[in-house]
Amino acid sequence: MAEAHQAVAFQFTVTPEGVDFRLSREALKHIYLSGINSWKKRLIRIKNGILRGVYPGSPTSWLVVVMATVGSSYCHVDISMGLVGCIQRCLPDGCGPCQSPQARALISMAVFSTGVWVTGIFFFRQTLKLLLSYHGWMFEMHGKASHSTRIWAICVRLLSSRRPMLYSFQTSLPKLPVPSVSATVQRYLESVRPLLDDEEYYRMETLAKEFQDKTAPRLQKYLVLKSWWAANYVSDWWEEYIYLRGRSPLMVNSNYYAMDFVLTKTTEVQAARLGNVIHAMIMYRRKLDREEIRPVMALGIVPMCSSQMERMFNTTRIPGKETDVLQHLMDSRHVAVYHKGRFFKVWLYDGSRLLKPRDLELQIQRILDDPSPPQRGEEKLAALTAGGRVEWAEARKAFFSSGRNKVALEAIERAAFFVALDEDAHGYDPDDEASLSLYGKALLHGSCYNRWFDKSFTLVAFKNGRLGLNTEHAWADAPIIGHLWEFVLATDNFHLGYTENGHCLGKPNPSLPPPQRLQWDIPKECEAAIESSYQVAKALADDVELYCFQFLPFGKGLIKKCRTSPDAFVQIALQLAHFRDRGKFCLTYEASMTRMFREGRTETVRSCTSESAAFVQAMTKAHAMKADLQDLFRKASDKHQHMYRLAMTGAGIDRHLFCLYVVSKYLGVTSPFLAEVLSEPWRLSTSQTAQFQIRMFDPDQYPNHLGAGGGFGPVADDGYGVSYMMAGENTIFFHVSSKFSSSETNAQRFGNHIRQALLDIADLFQVPKADS
């Protein structure tokens, strides 16, 4: 095979005259260039480490301090107050650079200046950390900042005025605080009040009081101790116990999806679209490695933690019998590609040069044109990643720990990311309501064996050029992959471009070695394990009902005219819709972020409150006065916004209770209160998709360049999963999931209730609506 010959740098054969070496100059050239590229990356990382380590200082500021010290010495002014002289006397005598008095004086001044410079950096960092610990600005009305908040904002801007690198603020971010037990218990009781009758609430109140007085103080001490020692007292346990120790399938239960721009089309050439997008992703990875991406900033001045971005590429989840492990590599020079039941390895570089989009298009087209059939057991191999984790761990150990199976599996697990070339065409057709739901289903689970669910993300390319992502959840949360996705779509649409025929710009290099076909040796026992995992995954996928729709009457632009938060507006509408759908309230999960703290991830906002329940109940009464309903809505909205702010500022409920539960398990302490709290099902799980984290184009100028967000499966068997995206100012996309096996839920019915709830609340404020 041609590719096999080009994959080696030299060959040798044994002849009667001895060993005959035949060196390949081209292969050695590529090895040399790869080594040069590797060393360049190391030097860049070293340089970035130094620049990040001295932020907000810089080598230039160090030079200024040295020059000021030396200059004052020549003017016979001792700004060191005698410290330079002390340092000079402590320098060793003898030959060498310290011999002359002038050299000793210069070295002493350099040492003193460095000490002053380092002390200044430490002082500025601690000051910035103290300033970033202030969250009063979040609780003030929009546009009505207090004098103290304005002064605070000026100080933060001054201390972070120098252009930061991606991780420059990491050591200046405050640690997530541990709330007091009494505050957490009180907020918990408030959150369950609308869900319980008087007798049930009294029982829970008794359990809570007993926990607070007897068990909690001991657990809290350990938690406070951990908060002093660890960078974040929640995140490592959250990743370990919520994600990595989960033994159920990742598909549907954990992984989520993201959609392409749905109202615009760039090209219908599948290979060309992938050529541009893969190139854009590696450009993003290069910026990530060089820390050239600016940190996400709230209000443009408050930095968000960037630590989750470190594992975006070159990461896979390795299955284990009891717990999985996230394997992250510093670099990877290839992607793994799946097409028609076959796996390929596609190199991203030619020597040290990143392949151009047109070259990548050529490589993808070679895979599409390859007529070879799948090997025995190869077609459904990825179903192992879609089934139970224990079964996958056992199969991996038994059949993929040696030989060609190990080599092929490593090629997938060590890839930058996974690419799936689908034979189906999906996308959003506004004239076909079902099209968006089918598109979402294809991204959420596909055929159950054409996604590698363990990879940090799978890039899915459909036959018509539409794209999407399926993302593993353990390594990061949705805003992180959303940041990448915004960059990629904007780069593809506004920077790379296509020819009139829909191909990538430029000319391909036909001399590139073709993609490498991965080779497998799948025994019958392994085929049986693959089929078993496939049946588990297929039953799970077939049970998922997904209803995705675009809400056209209005968006966040007109919601703001109600003088309320768009998120609160939608969340209260979801409460109204759920009450109409099920006739009762339920424990509701809304994800918020805690990235204002170091290594922060998420916190829960319990959106079902006594205030929202009062509004919903009033809405169901036939003769309720509009003024009363408006007042109840305002109270519910204010309560929701207050809870969201508490969650973002480290005063949430659920992560604190979760960590107390983990400590109780370590100590062997039984708590009926914690056991009941942690077992309560989230029958309505919701999330808003972040957008416009990167301003690479003007959405007002390009109003149709809108993604539809993404979605996830239901958390409870008899519950709903709802993801929504405020797409621009004038529309909202919803992704509603449930299970067919539940007689109590129906995703499309609930979606219709959401539509009506939004319209009914808008009518209270006489918000004009666009034509549907």
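Helix H8, spanning residues 198-229, has a kink of about 60° at Ala-216, shortly before the proline Pro-217. The bend here is the angle between two fitted axes, one through the seven residues ending at a residue and one through the seven starting there. Helices are DSSP runs of H or I with at least four residues, strands are E runs of at least two, and both are numbered from the N terminus. Keep in mind that this is a predicted model, where local features need pLDDT of at least 70, side-chain atom pairs count only at pLDDT 80 or more, and totals for chains, interfaces and linings use all residues. Residues are numbered from 1 along each chain as its sequence is written, and side-chain values use heavy atoms, with hydrogens and water left out.

An α-helix has 3.6 residues a turn, so residues three or four places apart point the same way.

Zooming out, the chain holds 23 helices and 22 strands. Its radius of gyration, taken over C-alpha atoms, is 29 Å, close to the 28 Å from the globule rule (2.2 Å times the number of residues to the power 0.38), so the chain is as compact as a globular protein of 772 residues. Buried residues make up 54% of those 772.

Terms used. Buried means under 20% relative accessible area, exposed over 50%, partly exposed in between (1.4 Å probe, protein chains only).
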